[in-house]
Amino acid sequence: MKVFYSNVCLKHAPKHEIISGNLIDYLESPSRLIKIKEYLDSLPIFDFVSPIDNGLDPILSVHPKDYVEYLQTAYDEWVNIGGNKDAGLYCSDLSCCITKDTWESAYESAQVVISAALELKRFVEESSEKEMNPLPGIFALCRPPGHHANSNVCSGYCFLNNAAISTNILKKDNKKVVILDIDYHHGNGTQDIFYLSSNPLYVSLHGSPDYPWFTGNESEKGEGEGEGFNVNIPLSKDTDDDEYLKKLKKVIYENINPYNADYLIVSLGVDTYKDDIIGGLQITSEGYKRMGELIKSINLPTLFVMEGGYHLETIGINVGNVLLGFNT
Ligand code: SP5
Ligand code: ZN
């Protein structure tokens, strides 16, 4: 399996964030990426590939120019004038610190997912049915993550919505996309970006009640043309492997399979792990392997996009197990 990865994604490294009024070490750290890379590197089936720079256009298909300019210039303006009046205008919480390196890493994270999506699309277009066995899967090892970023708002460690950007690439040529978001948190940014659209189908399983607090309810089903194409499955904290897999299986049979998509994008967070610091259902490392197997049963060319997961001791094996489960 190809893994798109870049060291430039390590540069964004804020020192602190505020959670529940407390100043703590920034949890969305470069170490997360290093741990995942180390683990995948130790297994023979993963090939690391560097992204190609495909420019701003794919990013601008999701994010308006004024927001992109804000991300590019906010740090320098802040330093130069000792305070930027717009600093909070595009920001919805205290986890999206903008440092001198933030734009570069966020842009690179988007380039990682863009390159991975283009590679998957090219592979599918050039392959015969027979070559599609085994099922093609590619991993975009993105950082910073993306699913909380709205078109013009950064939040929850996310600046550019990587899953949404790759959706717009895979949707070209009248193809249908389903986004399956298995991060512990509800992907409010992705939901909002596509709320009025029937393509992609957005499906999220997430811990509730928890961040981002005001979204992720079952009653949010999409609007207008998008009505019926947004599916939220809130889960209680005591959800274990069996319960989680039962709910995932149900939504695959009832919503994902009947949608008949051409591509699957998995917003892959492993903060559902039982000992995660800020998330945490009762999922075990073994559970992630079963999750990967179930995702494989959807039987679509699949782009995995890295989102959250904060337990550094197991983040590598948990991400690896989803991918191994898919690949067996
Ligand atoms: C990509 C991603 O996983 N972003 C998550 C951002 C969550 N930030 C807010 C965390 C608030 C945690 N609430 C405290 C609950 C204590 N268990
Ligand atoms: Zn998360």
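Tutor: Let's start with a term: a polar contact is a pair of N or O atoms within 3.5 Å; inside the protein, one of them must be able to donate a hydrogen and the other to accept it, and residues adjacent in sequence count only if both atoms are side-chain atoms. This is a predicted model, in which local features need pLDDT of at least 70 and side-chain atom pairs pLDDT 80 or more, while totals for chains, interfaces and linings use all residues. Residues are numbered from 1 along each chain as its sequence is written, chains are lettered from A and ligands numbered from 1 in the order written, and side-chain values use heavy atoms, without hydrogens and water.

Student: What makes histidine 148 and ligand 1 a polar contact?

Tutor: A polar side-chain atom of histidine 148 is 3.3 Å from a nitrogen atom of ligand 1, which is within the 3.5 Å limit, so the pair counts. Histidine 185 has a polar side-chain atom 3.2 Å from an oxygen atom of the ligand, and for aspartate 271 the distance to an oxygen atom of ligand 1 is 3.1 Å. Overall, the protein covers 79% of the 500 Å² of accessible area that the ligand has on its own. Such areas come from the Shrake-Rupley method with a 1.4 Å probe; for residues, only the protein chains shown count as cover.

Student: Which residues around ligand 1 come nearest?

Tutor: They are His148, Gly156, His185, Asp271 and Tyr310, out of 13 residues around the ligand. A residue is near a molecule or strand if one of its heavy atoms lies within 4 Å of it. By class, this shell has 5 nonpolar, 5 polar and 3 charged residues. Ala, Val, Leu, Ile, Met, Phe, Trp, Tyr, Cys and Pro count as nonpolar, Asp, Glu, Lys and Arg as charged, and the others, Gly among them, as polar.

Student: How many helices and strands are there in the protein?

Tutor: There are 9 helices and 10 strands. Helices (H or I, at least four residues) and strands (E, at least two) are DSSP runs, numbered from the N terminus.

Student: Why is serine 166 called buried?

Tutor: Buried means under 20% relative accessible area, exposed over 50%, and partly exposed in between (1.4 Å probe, protein chains only). Serine 166 has 0%, so it is buried. Across the protein, 57% of the 328 residues are buried.

Student: What does serine 166 touch?

Tutor: Leaving aside residues up to four places away in sequence, serine 166 touches Val113, Ala117, Ile265, Leu303 and Val305. A contact means heavy atoms within 4.5 Å. Serine 166 is in helix H5.

Student: What makes helix H5 mostly covered?

Tutor: In H5 (residues 162-170), 9 of its 9 residues are buried. The cover of H5 includes helix H4 (102-126), strand S9 (263-268) and strand S10 (302-306).

Student: How do you know whether serine 20 is buried or exposed?

Tutor: Its relative accessibility is 70%, which is over 50%, so serine 20 counts as exposed. Serine 20 sits in the loop between strand S2 (16-19) and strand S3 (22-25), and has a positive phi of about 50 degrees although it is not a glycine. Asparagine 260 is exposed too, with 60%. Its phi is positive as well, about 60 degrees.

Student: Why is asparagine 54 called partly exposed?

Tutor: Its relative accessible area is 33%, which falls between 20% and 50%, so that name applies. Asparagine 54 touches Gln111, Ile114, Ser115 and Leu118, not counting residues up to four places away in sequence. Its C-alpha atom is 7.4 Å from that of isoleucine 114, 60 residues apart along the chain.

Student: Which peptide bond from tyrosine 211 is cis?

Tutor: The one to proline 212, with omega near 5 degrees. Another cis bond joins serine 208 and proline 209, where omega is about 0 degrees. Proline 209 belongs to the loop between strand S7 (201-207) and strand S8 (230-235), and proline 212 also lies in the loop between S7 and S8.
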